[in-house]
Amino acid sequence: MVELKNITKVFNRNRPDEFTALEDVSLLVEERKVTVFKGPSGSGKTTLLSIVGAMAKPTSGRVLVGAREITSLPERFLTEVRRRTFGFIFQQFHLIRGISALENVMLPAYTTGEKHAALRERALRLLELFGLSAKARARVEWLSGGEAQRVTIARALVNDPKVIIADEPTAHLDTKLSKDFLGIMERLNAEAKTILIASHDPLVYESTMVDHIIEMRDGRIRGSGPAE
Amino acid sequence: MSLHERHRNIIDFALSSLGRRWKKNLALTVVYAFVVFTLASVVFFTEAVKSEARAVLRGAPEIVVQRLMAGRHDLIPESHIDVLRKITGTRQVQGRLWGYYFEPSTGANYTVVASGEPPLEPGTIAIGQGVARTLNAGEGDLIPLKGSKGDYASFEVVRVFSHESELVSSDLIEMHADDLRAFFGVPEDYFTDITLKVRNEKELVVVADKIRRLLPDTRPILRDEILRTYDSLFDWRSGLLLVIFAGAVAAFVIFAWDKATSLSMEERREMGVLKAVGWETSEVIAMKSWEGIIISLAAFFGGTVLAYVHVFFSSAFIFEPVLKGWAVLYPRFQLVPQIDPYQVLALFFLTVVPYTVATVIPTWSAATVDPDSIMRL
């Protein structure tokens with residue numbers, strides 16, 4: 001599905017504050033599996049996810065999505081790959097305040113050129129799927145933490161991506177909401193979505209739905225194997 | 001899937017984005033519209049008055065001959081008319097009688113002229129709207145005017161000129177030629193000046209030159225010279241007004257520059273989110289540009305329409321003292337609504353384009369942020 005070959009990512013290159021976030025990472029993300037990247041803060045999980053999700057380019061190495069190499073693609077094509085292939089769930093949700101939950105869900109599809117009415121219909125269906133029909137027109141700042149995260153999930157799904165990428169999704173959730181989130185991920189995985197989660201929450205990496213765990217430290221993969 | 005839909009969605013989002021920061025955007029639009037209103041009012045008014053004046057002067061004689069005495073305008077002898085008639089190419093050489101009358105009680109200066117054809121009856125006058133207003137007089141009223149010998153003569157108002165002609169007739173008092181001579185003490189064989197028309201307009205300068213040579217105590221004034229004087233007078237006044245408003249314009253430019261160029265942290269975060277969820281840099285810039293275009297177009301059309309109403313339906317009441325002069329007799333006239341598309345276009349390029357560009361530059365620098373930056377917030 002997604003393959004990384006010898007990926008290195010250096011920030012602030014040739015500056016006094018140069019920092020190597022990833023070093024010679026190679027990885028194959030399997031299709032329709034749930035993979036969890038675990039490791040302490042600063043271990044390179046987020047950077048790895050952003051490179052897998054075509055959000056950032058590596059300093060060196062190659063990234064393949066399907067059979068297509070995307071490392072050298074110009075921004076326009078890279079954006080298209082990101083939009084079509086990946087849906088993102090951020091740790092801080094990153095919903096846009098002042099507009100409704102429905103508009104937030106529609107946002108990633110605005111630039112696809114899809115008809116507004118069809119798009120709206122699809123976004124409403126997604127909100128309904130997560131039990132948020134009644135909150136569709138509510139501004140996102142009025143929503144609870146769990147509701148806001150479900151809006152984020154709906155937003156990640158609006159372009160029907162093959163891969164869902166979640167960065168520390170349970171960091172701001174209590175145990176019940178975390179379990180709800182994992183339940184949704186399990187459901188999506190059952191619908192053939194590939195799930196990638198970065199987390200150091202045992203509730204996540206010890207979950208029965210996880211197929212594969214990749215352990216990271218200091219920008220390198222320290223261990224990799226199937227979940228127990 | 002179409003480009004049209006894509007832009008419609010982007011515009012939808014731009015509108016909703018404007019709505020979220022409506023207080024800031026409304027304040028910006030109001031100040032922006034005020035500046036457009038001011039500039040457009042000056043441009044519309046100056047052009048309308050100039051073209052009115054040009055239209056009025058189009059029917060005026062091509063040459064006016066005045067006699068000079070010690071460099072000052074003096075009465076011209078009737079015998080000069082015969083000399084002028086003999087110049088080849090001239091026609092309709094006529095003596096004119098007119099003068100100014102200062103009315104101390106109102107502080108107004110009226111222009112008194114001898115009536116043309118058909119002449120008014122002796123003892124009667126026709127007056128302009130401005131005279132009627134200041135003297136509180138109407139048809140049938142008797143108006144006492146103080147003559148050159150210090151005695152008062154009463155004249156009956158038989159006509160008040162219409163509003164349509166107020167621009168040229170506001171301060172006018174028309175009376176019989178004999179009454180005027182008696183009132184101002186103008187001798188029988190003298191006129192105030194002489195007007196003449198020329199058969200071929202291309203010969204105007206030649207005729208004027210001949211007049212200067214044959215009658216060295218006179219000066220011929222060409223109609224074109226009057227037109228140029230009007231133009232430069234109103235240009236000077238509109239320039240003066242623009243200088244006065246330059247402060248307001250400068251304040252707006254600073255305000256708009258600040259608002260347009262400094263994106264708030266929230267706006268920057270939003271742009272990062274858009275990039276992260278799949279918007280291209282060009283799409284983020286397009287969205288922000290639409291915001292700028294919507295604000296500047298709203299301000300431009302709002303300001304221009306208000307200026308149109310102000311100038312053509314409210315007689316430019318805000319700055320008429322500057323543009324019309326400080327006389328007691330303001331002509332109250334309705335300018336004929338007319339707009340020069342080139343001037344509107346110039347106004348558009350001077351207001352809308354700089355603002356839109358000013359919004360795009362900071363957006364461009366913010367929109368080129370890596371989409372993954374949002375993951376580290």
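User: Which residue of β12(B) stands opposite Ile63(B)?

Analyst: Leu196(B) in β12(B) stands opposite Ile63(B). This is a predicted model: local features need pLDDT of at least 70, side-chain atom pairs count only at pLDDT 80 or more, and totals for chains, interfaces and linings use all residues. Residues are numbered from 1 along each chain as written, chains are lettered from A and ligands numbered from 1 in written order, and side-chain values use heavy atoms, without hydrogens or water.

User: How many bridges join β1(B) to β12(B), β13(B) and β2(B)?

Analyst: In a regular strand, side chains alternate between the two faces of the sheet. Strands (E, at least two residues) and helices (H or I, at least four) are DSSP runs numbered from the N terminus. Two strands pair if DSSP finds at least two bridges between them. Here β1(B), residues 63–69, pairs antiparallel with β12(B), residues 193–198, over 3 bridges. Its pairing with β13(B), residues 218–222, is antiparallel over 5 bridges. There, Gln66(B) has Arg219(B) as bridge partner. With β2(B), residues 72–74, β1(B) pairs antiparallel over 3 bridges, and Met69(B) stands opposite Arg72(B). This hairpin has 2 residues between the strands, and Ala70(B) takes a positive phi near 55°.

User: Why is β1(B) described as largely enclosed?

Analyst: Because 5 of its 7 residues are buried, β1(B) is largely enclosed by the rest of the structure. Buried means under 20% relative accessible area, exposed over 50%, partly exposed in between (1.4 Å probe, protein chains only).

User: Which residues touch the most other members of the largest nonpolar core?

Analyst: In soluble globular proteins, nonpolar side chains tend to be buried together. A core joins buried Ala, Val, Leu, Ile, Met, Phe, Trp, Tyr and Cys through side-chain atoms within 4.5 Å. The largest core has 92 residues; Phe86(A), Met185(A) and Trp279(B) touch the most other members. α5(A) gives the most to this core, 6 residues. A second, separate core of 36 residues includes Phe155(B) and Val207(B).
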